[in-house]
Structure formats: structure tokens, C-alpha cells
Amino acid sequence: MRRQTLVLLPIAAVVLAVMAGIAAFVRGSAQSAMDPRGARVVAFGAVELPLPAAFRPSGGRTNQAWRIQEFQARGVGTLQLASEPLDGATFEAACLRWFSLPAWSADPLHYRSRGRDHFFQPLPLFRQGAYAMHKEGKALRLVACFDQGGHRHWVELRTSQGFLPEQEVFHALLLSLRGADGTGPGSRLGAALAAIPGETRYRYLLPLNVLGLFPLVILLLPSLLLWGLGRRSGRLPEAPQAVAQAAFCRPFVELGLVGGGQWKFLVACVSVVDGDLLVHTFGTPFLRVPRGSLPGRMRTGRGWINPPYLELPLEPPAQFLKRRWLYGLLPGRFKLRIYTAELDALRMALGG
């Protein structure tokens, strides 16, 4: 791995630490919201819900015949529990109205309504139920509704976290519902809930481990870009005679240019022609160091990663053949480091 790529490692490490912190917070918040210790039973309509202590009451209200209770869980979102007496309308008709369904479907349904993507699926929740999801801005609404014991029930979790642990919390709440006689929501409910992430193709919520991809992308994409630039920059000179007359000629050599208050790494073609050191980038001359300025001034060493390097000062009559005006403006003197495993062959060609 070249040095310019290694510069990205600290950045990727910082991003990895941040992503790991976010993942730990999301996972920890979800686990707290599913912890049964200290749970209290909340009744609404004809059912009861043992609500974990992480959900704290945040208000209640009525809306026509609906009685609504709200709870907040840090790092998870807002839970809404609501119920109303059955009014004679069929469950299918209520769902068509609530979720703006294009038509009733017994299978999972993806559709657009009011400019938003929606998911709807009938659910074996007590006597009859349904599951829906859609986004409103940055918030995701997960809704389950069902009929039971002469009431229509609504369970909603609104969250701004876009990861599956929030859905796991919602599903755990649905599975812990109990009727007035203590019966659960149905033996088929668990399997139906487990299939929903696959049915939605993770369109609304992502697995938490996707956060680990961000540091990889930060490292991989620039590395590929640098590799592509290096293949272009370090290729052989466009002039064939520059290669034919060279005592030493190696493409794709890494160079370190020190000076002007900066370290600059680049990939170039290094050759020795008539004792002069020539550096080509992108197939054209970049730097020329006459042989008369080299004897006694070359130094070898080994950096913190291999291979070894040959270092030489760039003082007149050394010439920059590209961007001369820029290097003329930069203060201080320059040094050139040539990193190559063929150090002996290069020194011999330079007369050192």
C-alpha cells in the first residue's frame, strides 16, 4: 500500500470509531426498550401491553372516539397506543381509508401515496390485523392495527433511527400483547413479523452492520482513485528514445517530494539518461537533475515502510519541467526521495 493511501487510514479509523459509537448507542437503546425488567402493564382497548421501563409516559389525548396514550424511549422514538370501539365498518374498509390503499391485498403490498413510498401487509394479529410502514421526512412510522374484543386498536412507533433494531423493538411489543383473558396475539405472528424485513427489501430500515461499510468506502474509493492516477502518472515516457537511451528506467516508482512546507507523494517513471536523473509523470518530463549535482550528495535510508529510498537535494541546476511558477513561489529548498527496491541499480546508473 502506497504512502498516499496510508494517509487515509487515520481518517477511516476515526470514521470507524464514530460509526461504532452510533451502532453501540442504537443497539443499546433498542435493548433497553426490550428489557422486561421493571415493565408496567398498560391497558388500551381490550388488550394489555407489558411496556418496558425505557418507555416513559409523555401524554394522552382523545380524538373523536379514539383514546390515545403516548410514550417516549430515548434513542428509539415515540410509541402511540390507541383504541376506539368498533363502529360497524369492516376492518378492510378502515385500512383502505387509513393507509390510502389502492385496493385491499391479502399479500404484501408496495405502493406510492401522497408522494411517499408505503408498505402494507395483512397480519395474523389476534382476530384480524395489518402492518404498515412509510416515511414522513426523516421519521419512519411503523403501524400495526387490529380488531379485538369489540375494539379497534392502533400501535405506532415513530422513529428517526433508520436501522433494524427499532423494528425489532416494535415487533417485540406486538408479540408481548395480551388479550383480556391473557391469550397472546397468535402463534403465526412471529413468523409473519420475521419475514417483513425481507419483504420490504430493507427499503425503510437497514441492518446495523451497514455502518461498518462507511470506513471501508472512505478507504476503498480514494485508494482506487489513487491507484488509477498512479497507473497513468507512473507509465513509461511517451517519447520512445527516452527509454531506449536510458541506463536505468523504471515505471510506477513512488517519489516523495519534500519542501515548501509540505510532503508530496507521487507515482512517476524514473530514468537515468547520460547520467542525468529524469522524472516523468503522465508520460511527460516533470523533473531533471543533472549528474554534475549528484556526486557526494546522495543519501540512502529506509522509511517506516519498505522499500528503501534514495534521497538527494534539489538545488540548482536541478529543474522542474512542469509547474515551474508554482515551485518557484514555494519557500525553502526541496529534496527528492525515490522509493525503490532496486536501489543499487539506481545508484550505479547515477555514478554513486
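## Cysteines and disulfides

The count of disulfides (a disulfide being a pair of cysteine sulfur atoms within 2.5 Å) comes to zero. This is a predicted model, in which local features need pLDDT of at least 70 and side-chain atom pairs count only at pLDDT 80 or more, while totals for chains, interfaces and linings use all residues. Residues are numbered from 1 along each chain as its sequence is written, and side-chain values use heavy atoms, with hydrogens and water left out.

For Cys95, the closest cysteine sulfur belongs to Cys145, at 4.1 Å, too far for a bond. Cys269 has its closest cysteine sulfur in Cys249, at 3.9 Å, which is also too far for a bond. Cys95 is buried, at 0% relative accessible area; buried means under 20%, exposed over 50% and partly exposed in between, with a 1.4 Å probe and protein chains only. Cys269 is likewise buried, at 0%.

## Helix H2

Helices (H or I, at least four residues) and strands (E, at least two) are DSSP runs, numbered from the N terminus. Helix H2 covers residues 8–33, and its 26 residues should span 38 Å, the expected span being 1.5 Å times one less than the number of residues. The end C-alpha atoms are 37 Å apart, in agreement with that value.

The buried residues of H2 include Leu8, Ala12, Val15, Met19, Ala23 and Val26. An α-helix has 3.6 residues a turn, so residues three or four places apart point the same way.

## Positive phi in two loops

Most residues other than glycine have a negative phi. Gln64, in the loop between strands E3 (56–63) and E4 (66–73), has a positive phi near 55° and is exposed at 79% relative accessibility.

Phe126 lies in the loop between strands E7 (116–123) and E8 (128–136). Its phi is also positive, near 55°, but Phe126 is buried, with a relative accessible area of 14%.
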